[in-house]
Amino acid sequence: MTGSFGTWLAGLSREELAGLLTERPDALADPEPSTLGELAERLSGPRGVMAAFAACDLPLVQFAEALAALGGTAARSDAEALLGAAPDDFARVLDALVRRGLVWPADGLLHLAEPLREWPIGDGPLGLGPSAAVLLPHLRAEDLRRIVRGLGVEPPGKRKAELLEAALAGLSDAERVRRVVAAAPQQERRLIEKVARAGRVDDYQGIYLFGQKGGPYAWALARGLLVQPDWLEPLMPAEVALALRGPSYQAPFTPAAPSVGTAAAPEATVTAEFSAASTRAVEQMEAVLRSCASEPPARLKSGGLGVRELRRTAKRTGGSEHAVRLWLELAAAEGLLDWRDGALVPTAEGGDPLPAAERLASMVRTWAHMPRLPLLDDPEEGRGASLDTRAYDPAAPRLRAAVLGSLAGLPGGRGATGPEQLVAAVTWRSPLLFEDAELAPPYIAAVWQEAELLGVLAHGALTATGRVLAGAEAQTTLDEAAVDALEAACGRVLLQGDLTAVVPGPPAPWLAGLLDLVADRESRGTASVWRFGLASVRRALDAGRTAEGIRSDLEAAAGTGLPQPLAYLIDDVARRHGEVTVTALACAICCSRPALLAEILAHRGLRRLKLRELAPTVLASAEPVDQTLMALRAAGYVPVGAGDTGAPLIERAPARPSRRGRRPAGKHEAARPRTPIDLADRLHGTSPDLPAETDGIGAGMADLAPHLSVSERRMLVHAVRTGTAVGIDYVNAEGNPTTRVIEKIRLDAPFLTAWCRLRDDERVFHIGRVQAVTPVVLMTL
C-alpha cells in the first residue's frame, strides 16, 4: 500500500502536495521528512491516518467504511452504487478524502488507506465488520480448508496461500454466499440473517459458546460466514453482510448536516452580551491570579484543588464556582499558575500584567486547544477536583471545534435555543467523538457553558471571537476581535458624594482595575458599585500611585471633578502616608570593634551590600547571609555566620556537581520549513522510496524496536540525538497502558532514560514496551 500511495504522491503537483500538507499538519512535525518516501510513510502510518480520520464528518466516515466493505480497493462505480449518493455529493466527499490522503485514485480504482481497512467493527455507520481480506489471513490452514469445503469452492492447491485465495473468492461471490445460507438449517439461517442485519453478534457469551461442537454458530464458523480471531468476539466479514442484505441494499449516506433549533438572537443583543462576558472574563482572570498570589490555594493529597479551596477562591474573587474553575484551568494551561510546595501560585508570566485585549485573546486561544473539560461533571462521581492531572481528555479540542462549527452555520440573527439542539449536528460533524450519541449531551453542555463564560457564545450565537475560532471570520484576527469586545465596554464612572462609584454597565478592564485598586467593590451585575475608604486609598498609595495621579485618573473616567468628600479623603490619606516606615533587612553584621565596622561601611568593594549603620556595633545588609559572607571574605575579612543564639554556624562543603551535563541543543531544532508550501517545494520531485537506515543509532533502533514503523523509529532516533520531546504509547511491566511525553532522552540499550512530563521526573522505559511514537505538535491559531 505504501508503494502505491507513494507513487500517487509523487504524481501530485507542488500545489496539490501543499494542499495535502495543509490538511495534514502532522506531516510538518519535527523531524521533517526529507523525501517523498518518508512523507508517504508518515502520512500512511496508523497514527497519522487515524488522527486525520478522527477529524472527518459523517459522510466522509460513511464513504470510508463503504470502501472498506468493498475490500479497501474498488471501482468508483461500485462505491457510488453502494452509497446511492448523488454524483455531486459523491464527488465532494471523495475530493475531501483525497485532499486528506485517506483515499487516492490509482489504476482506475479508489484505494483506502491501510489502517482504515480494519477500522469498522460493528460500531461504524454501516454496522459492518472488516472485510474477509483482513480477517481470513489470521486463520490456520486447517480452518481455511474447512471454509473452502463449506463454500463449495475448488482451491487451486493445498498451500495456505492457495486456500486463502479460494476462500476470499468464495466469500466475495454474493450469489454463492446467498445460496449457501439458503441451504442452511432453519435455525442457523435465522441466526446468520439476524447477524447480517445487525452487523455483529448480539448474544456473545464467551469463547466456549462458539468453540463447542454443534453450537448455535458452529455452522456459520465452518463456512467463513463468521470468523473468530483467537478468543475475540466472532465477526462477520463485510462481504457476507452485504451479500445477505441483498443486491438492492444501499449503505447510509448523510451528505447534509442536520438542522439546529434556533430562536431570534438580534445582533445588538449578542454584541452587548459579548462585550459584557469578555470584560467579565478578563476581570475575573486577573482577580484569580491576584488571589492565588496573596493566598495560594492548597493542593489535595490525591492531586488537584478541592471544593473547599475552590469555594474560598470564588468568594475572594466574586465569581461563581464554575467560572473560577474555568479560570484556574485556563491559567494553568497558559502557564500562569503552577504548583509550588503544595500550593498553587503564579509563575513569572502570571505575575506580569498583560493588556486586557492580549489577555482575552490568550485565554480564548488557550481554551480552544486545552485538552480538558473543566465544567464537565462525571455522571457517576459528580464533579472531581480542579486541576487534577488525571482529568485529561485529548478529544476536548475536537469537541469544541465541532460545537463551534455547528453554530457557525446558523443564519444571521438566529441562535441555538440550547446545547441539546446541537447534539445531532455535533455528532454529524464529528461522529467518532462518541461511541454512543446518548453520551454527547453533558459534554456539549459543558462546552456551551465554557463558551458563554468566555464570550465566545452569546444567546446561542457565535460572537466575533467565536466566529474567528470557527474559521467563519477570515477578515478579522482573534486579537482584533478581542480589542473590539473590550472597547465596547463601559468606560465611564459616576462618582457620588457618599464616597461610592457606580458603573452603569460592564466596566472596561482598565476602569475595573483602577476602581479595584482605589476602592472596594460592593456589588456586581448590570451596574457595579465601589466604595472609597481610608484602607482602599492607602492600598493605592502603597502600590506606588500618587494622590495627583489618582485624582487625575478618576476625573478622566468620570468626565467631571471629584466630589469634595472624595477629594478630602485622598488628600488626607496622602498627607499621612509614609510618616512611619518599615524596612526589611536581609541580615545584620555585628562586631565589638566600632572602628572595624566603620572601615567595612566605607569599603568601596562592599557597596553592593547597601550597608547601613543601625548602631556603632551593628550594620544592616540588603543581601542574604550567604551573599554577605562571600562579599566580606572577598574583601579580605574573615567573618562567620551566627545562629539565633549567637553561636557560630558550622558550614558544610557543597555537594559535588553531577558529571552528567546538559545535552546540547540539536542543530535541527532551529532549521525547519515554516509553511506547507515550503515543505512541498523541498520534497517535490524527491524519491518516493524509503531510504535504508544506515545511521548507527538508527540501525540500532531498528534492531531494538522492529515493531515500530520506520517513521516512528526515525522520530525516536531524532529525539535521542537532539533531546526534543516526543509522545509515546507505553505498556509498563504490569501490562497497564499509558501515554507519556518524554524529552532529553538517552539511549542505553535496551532502555531509554528520559524526563517524563507526566511524572515531572526522570524515568526509565524499555524500548520493547513502546507501542507507538508520535510527534509533539504545538497548536496555534
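What follows is a set of questions and answers on this predicted model.

Q: What makes up the secondary structure of the chain?
A: The chain comes to 35 helices and 21 strands. A helix here is a DSSP run of at least four residues, and a strand is one of at least two.

Q: How many of the residues of the chain count as buried?
A: Of its 781 residues, 46% count as buried. The label requires a relative accessible area under 20%.

Q: Why is Glu-286 called buried?
A: Its relative accessibility is 18%. The cut-off for buried is under 20%, so Glu-286 counts as buried at 18%.

Q: Where is Glu-286 found, and what does Glu-286 touch?
A: Glu-286 is found in helix α17. Leaving aside residues up to four places away in sequence, Glu-286 touches Leu-354 and Arg-359.

Q: Why is Ala-323 called buried?
A: Ala-323 has a relative accessible area of 2%. Buried means under 20%, so Ala-323 is buried at 2%. This residue is found in helix α19, which covers residues 321–334.

Q: How many of the contacts in the chain join residues at least 24 apart in sequence?
A: Among contacts between residues at least 6 apart in sequence, 62% join residues at least 24 apart. A contact requires heavy atoms within 4.5 Å.

Q: Why is Leu-499 called partly exposed?
A: Leu-499 has 22% relative accessibility. Leu-499 lies in the loop between β10 and β11.

Q: Why is Lys-610 called exposed?
A: Lys-610 has 59% relative accessibility. Exposed means over 50%, so Lys-610 counts as exposed at 59%. Lys-610 is found in the loop between α31 and β15.

Q: What makes the phi of Leu-499 and the phi of Lys-610 worth noting?
A: Most residues other than glycine have a negative phi. Leu-499 has a positive phi near 65 degrees, and Lys-610 has a positive phi near 50 degrees. Neither of them is a glycine.

Q: How do you know that the span of α29 is close to the expected one?
A: Helix α29, residues 547–558, has 12 residues. The expected span is 1.5 Å times one less than the number of residues. From first C-alpha to last, α29 reaches 16 Å, close to the 16 Å expected. Just after α29, Gly-559 takes a positive phi of about 80 degrees.

Q: Why are the buried residues of α29 said to be on the same side?
A: The buried residues are Ala-547, Gly-549, Ile-550, Leu-554, Ala-557 and Ala-558. They cover an arc of only 165 degrees around the axis, so they are on the same side of α29. On the other side, Glu-548 and Ala-556 are exposed. What covers the buried residues includes β10, α27, α28 and α30.

Q: What lines the largest cavity?
A: The lining consists of Pro-31, Glu-32, Pro-33, Glu-38, Arg-42, Ser-711 and Arg-714. Two helices, α3 and α35, each supply at least two residues of this lining. By class, the lining has two nonpolar, one polar and four charged residues.

Q: How many cavities of 30 Å³ or more does the structure hold, and what volume has the largest?
A: The structure holds one cavity of 30 Å³ or more. The largest cavity has a volume of about 40 Å³. A cavity is called that because a 1.4 Å probe fits there but cannot get out.

Q: What lines the second largest pocket?
A: This pocket, with a volume of about 910 Å³, is lined by 33 residues. Glu-286, Ala-287, Arg-290, Gly-513 and Asp-516 lie nearest its centre. Helix α17 gives the most to the lining, with 10 residues. The lining divides into 13 nonpolar, eight polar and 12 charged residues.

Conventions. Residues are numbered from 1 along each chain as its sequence is written. This is a predicted model: local features need pLDDT of at least 70, side-chain atom pairs count only at pLDDT 80 or more; totals for chains, interfaces and linings use all residues. Side-chain values use heavy atoms; hydrogens and water are left out. On a 1 Å grid over the protein atoms alone, a cavity is a set of points where a 1.4 Å probe fits but cannot get out, and a pocket is an open set with protein on both sides within 12 Å along at least five of seven lines; lining residues have an atom within 4 Å of a point. Grid points are joined across faces, edges and corners, and a volume is the space filled by probe spheres set on the points. Ala, Val, Leu, Ile, Met, Phe, Trp, Tyr, Cys and Pro count as nonpolar, Asp, Glu, Lys and Arg as charged, and the others, Gly among them, as polar. Buried means under 20% relative accessible area, exposed over 50%, partly exposed in between (1.4 Å probe, protein chains only). The arc is that of the directions from the helix axis to the C-beta atoms.
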